[in-house]
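Please keep the structure open beside the text and find each residue as it is named.

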Amino acid sequence: MNRVAVCLALLCSQVCGVCLFGQLNADFQHDKAQKSNCSPVTIQFTNTSTGSPDRYEWTINGREFSILEHPIRTFVDTGRFEICLEVEDANAQIDKTCQFLSFFGSPQLQLSTADSILCQPGEVSFQLSSNVP
């Protein structure tokens with residue numbers, strides 16, 4: 001067996017001094033589809049990156065929130081959030097991916113009527129107001 005074959009067989013050989021790593025590709029999933037769009041909501045993020053990353057940096061709107069491989073985050077505020085995952089492998093390759101998530105306030109409904117007294121038979125008109133566009 002020649003030296004190249006030995007290196008390939010061992011993948012990371014001290015004899016060759018060369019380590020072979022797959023292409024690093026950052027990717028993740030989240031469980032928002034199974035949850036409400038109304039805040040507060042707790043989201044589980046799952047790293048699905050390929051290429052053997054060993055460092056994880058998660059950010060929300062550019063601010064770091066976790067270095068765990070599979071973090072959990074509770075969103076209390078409403079709005080649109082950019083979630084990014086940056087990964088790095090032992091060969092110093094870096095890759096990054098981002099997704100957007102949106103959360104809304106809980107809907108608030110209010111019924112009202114101009115009539116405070118109703119005699120039977122009578123008709124009542126209600127007016128509906130909501131914070132939902």
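The points below go through strands, aromatic rings, salt bridges and a surface patch.

1. Ground rules. This is a predicted model, in which local features need pLDDT of at least 70 and side-chain atom pairs count only at pLDDT 80 or more, while totals for chains, interfaces and linings use all residues. Residues are numbered from 1 along each chain as its sequence is written, and side-chain values use heavy atoms, with hydrogens and water left out.

2. The open sheet. Strands here are DSSP runs of E with at least two residues, numbered from the N terminus. Two of them pair if DSSP finds at least two bridges between them. An open sheet is built from three strands in the order S3-S4-S7, and the pairing is antiparallel. Strand S3 (28-30) and strand S7 (72-75) are the edge strands, each pairing on one side only. On average, neighbouring strands of this sheet are turned by 30 degrees against each other, direction ignored. For such angles, axes are lines fitted to C-alpha atoms, and angles run from 0 to 180 degrees between N-to-C directions.

3. Strands S3 and S4. Strand S4 covers residues 41-47 and is joined to S3 by three bridges, the two running antiparallel. To locate this pairing on the model, look for Gln 29, which stands opposite Thr 46 in S4.

4. Strand S5 and its partners. Strand S5 (residues 53-60) pairs with strand S8 (residues 79-89) over seven bridges, in the antiparallel sense. S5 also pairs with strand S6 (residues 63-66), again in the antiparallel sense, over three bridges.

5. Aromatic rings. Rings of Phe, Tyr and Trp (its six-membered ring) pair if their centres lie within 6.5 Å; planes under 30 degrees apart count as stacked, over 60 as edge-to-face and the rest as tilted. How many aromatic pairs does this rule give? The count is nine aromatic pairs. One of them is the tilted pair of Trp 58 and Phe 65, with 6.4 Å from centre to centre and 55 degrees between the planes. One aromatic cluster takes in Phe 28, Phe 45, Trp 58, Phe 65, Phe 75, Phe 81 and Phe 103.

6. Buried means under 20% relative accessible area, exposed means over 50%, and partly exposed is in between (1.4 Å probe, protein chains only). Is Trp 58 buried or exposed? Trp 58 counts as buried because its relative accessibility is 0%. Phe 65 has 18% relative accessibility and so also counts as buried. Phe 45, found in strand S4, is buried too, because its relative accessibility is 0%. Phe 45 and Trp 58 are 13 residues apart along the chain, and their C-alpha atoms are separated by 9.5 Å.

7. Salt bridges. A salt bridge is a side-chain nitrogen of Lys or Arg within 4 Å of a carboxyl oxygen of Asp or Glu. The whole structure has four salt bridges. Among them is the contact of Arg 55 with Glu 57, at 3.7 Å from N to O. Arg 55 is partly exposed, since its relative accessibility is 25%, and Glu 57 is partly exposed with a relative accessible area of 25%. Glu 86 forms another salt bridge with Arg 55, the closest N and O atoms being 2.9 Å apart. This pair links distant parts of the chain: Glu 86 lies in strand S8 and Arg 55 in strand S5, 31 residues apart.

8. The network around Arg 55. Glu 88 also forms a salt bridge with Arg 55, with the closest N and O atoms 2.8 Å apart. Glu 88 is in strand S8 and Arg 55 in strand S5, so this pair ties together parts that are 33 residues apart in sequence. Salt bridges with shared partners join Arg 55, Glu 57, Glu 86 and Glu 88 into one network.

9. Leu 111. Leu 111 is found in strand S10 (residues 109-112). Leu 111 counts as exposed because its relative accessible area is 61%.

How values were computed. Helix = DSSP H or I, 4+ residues; strand = E, 2+ residues; numbered from the N terminus.
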